[in-house]
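User: Got a model open here and some quick questions on strands and helices. Can we go through them one at a time?
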Amino acid sequence: MNMQKPILSIRGLRKSFGDHVVLQNIDFEVQPSQVVVIIGPSGSGKSTFLRCCNGLEQPDSGRVEICGHTLSEAGQMLGDQPLNHLREQVGMVFQSFNLFPHLSVIDNITVGPRKVRAVSRAQANSEAMVLLNKVGLAEKAHAMPASLSGGQKQRVAIARALAMQPQVMLFDEPTSALDPELVGEVLQVMKLLASEGMTMMVVTHEMDFAREVGDIVVVMDGGVLIEAGPPDIIFTNPTQPRTRDFLRAVLNRA
């Protein structure tokens, strides 16, 4: 039985945009080294849920604790300085790569450690090369982002997030903007991180990844966490009819 303190604890999370309720009373926990994969139809609140976990969205109510800090409670957020410090511990990779187009690959990766962690350029470059080797792009260290494929850009974005030495990595549909033949190279890096024990929350439509790598699969619909469990249960014997309908649609099962 896992008695570790959760690295992420969410209680009563609620979020609206105007009159539209996006998240409704979500309770959830993530243990250290767990890989949690969040699936569900478009518009179900998956990305908003993820963004509430690092302060990119401010919940209306509920409590979010992550990496030992209370990020938000009863609609109140951490102040700017502690929030920025917390975000150093919570890496995030988006659908779009968000690389600085005027900086080389290695400078994209080192700018955070140098500016925020006050790491020397030499040390930052050394750490960046280790990460570029990890994501299979050491030979692209001095390339400019415009010369990279989408898959390469996303792998650089992952390396850039890892350069801050986060405790948790959040991935918001990291392969959705990629051509199909480039998806595998990004997922391979994510599988490597999972095998190394990185705590990860991943919003994705890649069902094979969810089944193979996820420790817990979360199913969302209509702003509600309708089901969560191990992949072998969710994919073969889900308890909720909405889960069965969703999986039948995405897996093209009769």
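User: Which residue in β9 is the bridge partner of L170?
Analyst: M201 is the partner of L170. Keep in mind that this is a predicted model.

User: How many bridges join β8 to β9, and do they run parallel or antiparallel?
Analyst: There are 5 bridges between β8 and strand β9, residues 199-203. The two strands run parallel.

User: And which residue of β8 is the bridge partner of V90?
Analyst: V90 has V168 as its bridge partner in β8. Strand β7, residues 90-93, is joined to β8 by 4 bridges. That pair runs parallel.

User: Which of its side chains point which way?
Analyst: V168, L170 and D172 point one way from β8. M169 and F171 point the other way. Both sets are buried.

User: Switching to the open sheet. What's the strand order?
Analyst: The order is β2-β1-β4-β5-β6, 5 strands with antiparallel pairing. The edge strands are β2 (20-30) and β6 (76-77), each pairing on one side only.

User: Which helix packs on that sheet?
Analyst: Helix α2, residues 80-89. It touches β4, β5 and β6. The direction of α2 makes about 120° with that of β5.

User: How many bridges join β4 to β5?
Analyst: 4 bridges, with β4 (residues 61-66) and β5 (residues 69-73) running antiparallel.

User: Helix pairs next. What angle do α5 and α6 pack at?
Analyst: About 20°, with axes 8 Å apart. The cut-off for roughly parallel is under 35 degrees, so α5 and α6 are roughly parallel to each other. Helix α5 spans residues 150-162 and helix α6 spans residues 180-195.

User: Which residues meet there?
Analyst: From α5, they are G150, G151, Q152, Q154, R155, I158 and L162. From α6, they are L182, E185, V186, V189, M190 and L193. By class, that contact has 7 nonpolar, 4 polar and 2 charged residues.

User: And what angle for α3 with α4?
Analyst: About 125°, with the axes 9 Å apart. That makes α3 oblique to α4. The crossing of α3 past α4 is right-handed.

User: Which residues make the contact?
Analyst: On α3, V105, I106, D107, I109, T110 and R114. On α4, R121, A124, N125, A128, M129, L131 and L132. The class count is 8 nonpolar, 2 polar and 3 charged.

User: Take T110 from that list. Buried or exposed?
Analyst: T110 is buried, at a relative accessible area of 0%. The residue sits in helix α3, residues 105-115. Leaving out residues up to four places away in sequence, T110 touches A124, N125 and A128.

User: Last one, P32. Where is it found?
Analyst: P32 is in the loop between β2 and β3 (35-39). The residue is partly exposed, with a relative accessible area of 23%.

User: What is P32 in contact with, aside from its neighbours within four places in sequence?
Analyst: Q4, K5, P6, I7 and T199. P32 and I7 are 25 residues apart along the chain, yet their C-alpha atoms are separated by 5.5 Å.

Conventions:
Residues are numbered from 1 along each chain as its sequence is written. This is a predicted model: local features need pLDDT of at least 70, side-chain atom pairs count only at pLDDT 80 or more; totals for chains, interfaces and linings use all residues. Side-chain values use heavy atoms; hydrogens and water are left out. Two strands pair if DSSP finds at least two bridges between them. Contact means heavy atoms within 4.5 Å. Axes are lines fitted to C-alpha atoms, for helices over the stretch in contact, and angles run from 0 to 180 degrees between N-to-C directions. Buried means under 20% relative accessible area, exposed over 50%, partly exposed in between (1.4 Å probe, protein chains only). Angles under 35 degrees count as roughly parallel, over 145 as roughly antiparallel, 65 to 115 as roughly perpendicular and the rest as oblique. Ala, Val, Leu, Ile, Met, Phe, Trp, Tyr, Cys and Pro count as nonpolar, Asp, Glu, Lys and Arg as charged, and the others, Gly among them, as polar. A crossing is left-handed if the near helix is turned anticlockwise from the far one by less than a right angle, and right-handed if clockwise.
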